[in-house]
Amino acid sequence: MFTSFSSKHQPGQDRFRAICSEDLLWKPFPAFPPAARLAVVVGDPQGVGVYVIRVHLPAGTKMMPHRHPEDRIYTVISGVFYIGLGDEFDESKLLAYAPGTVVILPGGTSHFHWAKSGDYITQVSAVGPLGLDYVDSAEDPRALARVEGEATSEHKWVAIP
């Protein structure tokens, strides 16, 4: 027996649709190293609610130790995803994950990334708002940009219509 449901949909989830990789809009993100890119797949990472983003780190790029207040689920889309846990970047603590791997990262866990063997793309699913705080604020690209006199602006991330 079919029961009718009435529910409030999350942003960007009120109708059937498919989002193709080639349709994603990749942008710099102030809290990432300059070469890294972020694309919103669905939802609003700055808002309260479910969001899905993709993160692209080019070969050799490191993200120094940082934390997110929200629990995160990473799915490796391409490349090898290197992640280590701890308050200090330590290559010996890096674990390598192949495409298709799902990694669970509880909120508040200090961790770091390195695109050690080439570019990688991960997909991150979480409940926002997205937060990112570096363990050492001197390693935060937002602080480095201010020191170097670059204009920093807040980005409004919205899902592809």
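Q: How much space lies in the largest cavity?
A: On a 1 Å grid over the protein atoms alone, a cavity is a set of points where a 1.4 Å probe fits but cannot get out; points are joined across faces, edges and corners, and the volume is the space filled by probe spheres set on them. In this predicted model, where local features need pLDDT of at least 70, side-chain atom pairs count only at pLDDT 80 or more, and totals for chains, interfaces and linings use all residues, the largest cavity holds about 110 Å³. Residues are numbered from 1 along each chain as its sequence is written, and side-chain values use heavy atoms, with hydrogens and water left out.

Q: Which residues that line the largest cavity are the closest to its centre?
A: Lining residues have an atom within 4 Å of a cavity point. Of the 16 here, Phe32, Val55, Arg72, Tyr74 and His113 are the closest to the centre.

Q: Which element gives the largest share of the lining of the largest cavity?
A: Strands are DSSP runs (E, at least two residues), numbered from the N terminus. Strand S9 supplies the largest share, three residues.

Q: Is Ile104 buried or exposed?
A: Buried means under 20% relative accessible area, exposed over 50%, and partly exposed in between (1.4 Å probe, protein chains only). Ile104, found in strand S7 (residues 102-105), is exposed, with a relative accessible area of 59%.

Q: Is Leu95 exposed or partly exposed?
A: Leu95, in strand S6 (residues 95-97), is partly exposed, because its relative accessible area is 45%.

How values were computed: Helix = DSSP H or I, 4+ residues; strand = E, 2+ residues; numbered from the N terminus. 1 Å grid on protein atoms, 1.4 Å probe; cavity = no way out; pocket = protein on both sides within 12 Å on 5 of 7 lines; lining within 4 Å.
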